[in-house]
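Trainee: I am new to this structure and would like to go through it step by step. May I put some questions to you?

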Amino acid sequence: MEILRGTVLSEGLVAGEALVLSSGEVIIPDVVVKPSDREKEVARFRRAVDGTLKEINELTNATEGRLGDLTRMLGTYQSLLADESIINQVLEQIRTKRKSAATAVRQVIAGYVEDFRRMGGPLANYAPELEDLGRRLVARILGKELPSLDRLPRKVVIVADEITPMQALSIDRDKVIGFVTQSGSPESHTAILSRHLGIPAITGIENVASIVPQGASIIVDGLEGVVVLDPDKAMKQTYAMKIRRATRTRWQTTTISPEESVTQDGVRATIRCNVDTSDHVRELAAMGADGVGLFRTEFLYIGKAVPPDEKAQAKSYEETLKAFGSRPVIFRTMDFGADKFDARVDAVKEENPALGLRSIRLSFAREDLFRTQLRALLRASVHGNARIMFPMVTDAGEFLRAKAILEVVKSELKAERVPFAADVPVGVMIELPAAAIASAALMKVADFGSIGTNDLTQYTLAVDRTNGRVSDWYKPHHPAICRLIKVAVEAGLATGKEVSVCGEMAGSTRLVPVLMGLGVRSFSMAPPRMGQVVDRISRLTLPACRALADAVLASPDAEEALAVIDAFESRAVEERAPAPRKRRS
Ligand code: PEP
Ligand code: MG
């Protein structure tokens, strides 16, 4: 038996058989192409590009119904395949350097991957997709098969150096029960996908694909970040019990009852969901959430060949509002930049994009796009309970600047006699340390606040949220983060305005008790997380949460805070089903 430690990408517990994937690197015969064969090589390359494009399009069509917007990750592959500089360099290598199509592809793509990684930032995030694309093209040119995850004979835990988005999207959901990888950051597309699918995933285990034998018995503990290889009898029994218990707590529930999101002592917490587009809103609305706490509107642009205009955006917002009826839908205005880079909005590559002209700053710089979006949001606002929220704001002045643009847009629409909800509430994301520290002033001018713990953690702890190399330093439970959350929540209480949490922390059953103790009463999360969070809240009492939060705040460092949270969790495991509770009005 061996215990390997890694980082949790997606929570959950499973036990099964390992399917170890090789890197898929195929050996390329070393040949110098005869001048008379050059055009044949060009044709082989072009056929491989067309075939790969067809495969991606088919995968997009096949998964769209199930995975909605996540399929747009495939857009990266499509754009890379359409990139003329890559294509032309490959053609040049074949035509002037007498390289075979396979060698030319491998060399050109390796050069790009190296450049992307050296440049860092958002471009580095595309390196795995580009590498995968190179492997696929080479395999196609040479007529070789790459490991496929869509036709598996039995249930398996996939073990690999890395899972590419294309592999992840093509998996057989009934057969793949877990992922264990060497690399992959918690905010990577594949991590988001595994959370969406509810598949436990752990990364950061060095050389895992060489350590784990093919077919080995393996346990993935995506709560503790532990992988147990070849578990002994006692360990198997312990986990069998834990897995049964986890399943009992509606591990992958599809509908929730927010009215059950009430602590043992009668405190109701609001449960909303985070959405990226209107693709599946009717199904989402039917899940029963208290509304949408974060609509990441930038995803309407990302991966689309044609950016949505005012009409297309308004349609998407309207559909969402109608689906949720009287329940609130918080539309966060476009949050481009850093890992959500879109060259059509801003083509400049910055040295430090996370600290650059991103988010609301980019909205000010591209006021044309910002106004179009605000017009679309206002147009749609008559169809439901719309709220608008500005991201990456540092202080009240910046919030008021954004709001002033909204007011101008309102007067334009008024002049055009376009109906809109004049009193649409306008809120602010509290996701920068500055915003949290200055939240008292911010909450005086905003109608509501929502704490984005993903960026709050990134910026407070100076940890790039997309960089797997520093993911050990990414600690939302850090006492400094909790202190900032408390400051923001208190600013909400002082002004009588709601301050919710919409970062990943809101969907963590380990951290929700801390947030409750800090005073948070409204949570917004990825839809598959809602059932477990409701269940967790229904087993809590407020005094216990407060004591937990105080202990976390008093911890000298993140490790001690984590130990306090772990101890609280271990006690919780002993808890029984919720007793009848009193309702507090
Ligand atoms: C956050 O930063 O916590 C957040 C919810 O926004 P995003 O993850 O889209 O940056
Ligand atoms: Mg953010």
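Trainee: How do the residues of the lining of the largest cavity divide into nonpolar, polar and charged?

Mentor: This is a predicted model. Its largest cavity has a volume of about 80 Å³, and 13 residues line that cavity. By class, the lining divides into three nonpolar, three polar and seven charged residues.

Trainee: Which residues lie closest to the centre of the largest cavity?

Mentor: Strand β10 (292–296) and helix α18 each supply at least two residues of the lining. Of the 13 lining residues, the closest to the centre are Arg296, Arg332, Glu431, Asn454 and Arg465.

Trainee: Is aspartate 455 buried or exposed?

Mentor: A residue counts as buried when its relative accessible area is under 20%. The relative accessible area of aspartate 455 is 3%, and that of glutamate 431, also buried, is 2%. Because its value falls under the cut-off, aspartate 455 is buried.

Trainee: How many disulfides does the count come to?

Mentor: A disulfide requires a pair of cysteine sulfur atoms within 2.5 Å. Among the cysteines, cysteine 482 is buried at 1% relative accessible area, and cysteine 545 is buried at 0%. By the distance rule, the number of disulfides is zero.

Notes. Residues are numbered from 1 along each chain as its sequence is written. Chains are lettered from A and ligands numbered from 1 in the order in which they are written. This is a predicted model: local features need pLDDT of at least 70, side-chain atom pairs count only at pLDDT 80 or more; totals for chains, interfaces and linings use all residues. Side-chain values use heavy atoms; hydrogens and water are left out. Buried means under 20% relative accessible area, exposed over 50%, partly exposed in between (1.4 Å probe, protein chains only). On a 1 Å grid over the protein atoms alone, a cavity is a set of points where a 1.4 Å probe fits but cannot get out, and a pocket is an open set with protein on both sides within 12 Å along at least five of seven lines; lining residues have an atom within 4 Å of a point. Grid points are joined across faces, edges and corners, and a volume is the space filled by probe spheres set on the points. Helices (H or I, at least four residues) and strands (E, at least two) are DSSP runs, numbered from the N terminus. Ala, Val, Leu, Ile, Met, Phe, Trp, Tyr, Cys and Pro count as nonpolar, Asp, Glu, Lys and Arg as charged, and the others, Gly among them, as polar.
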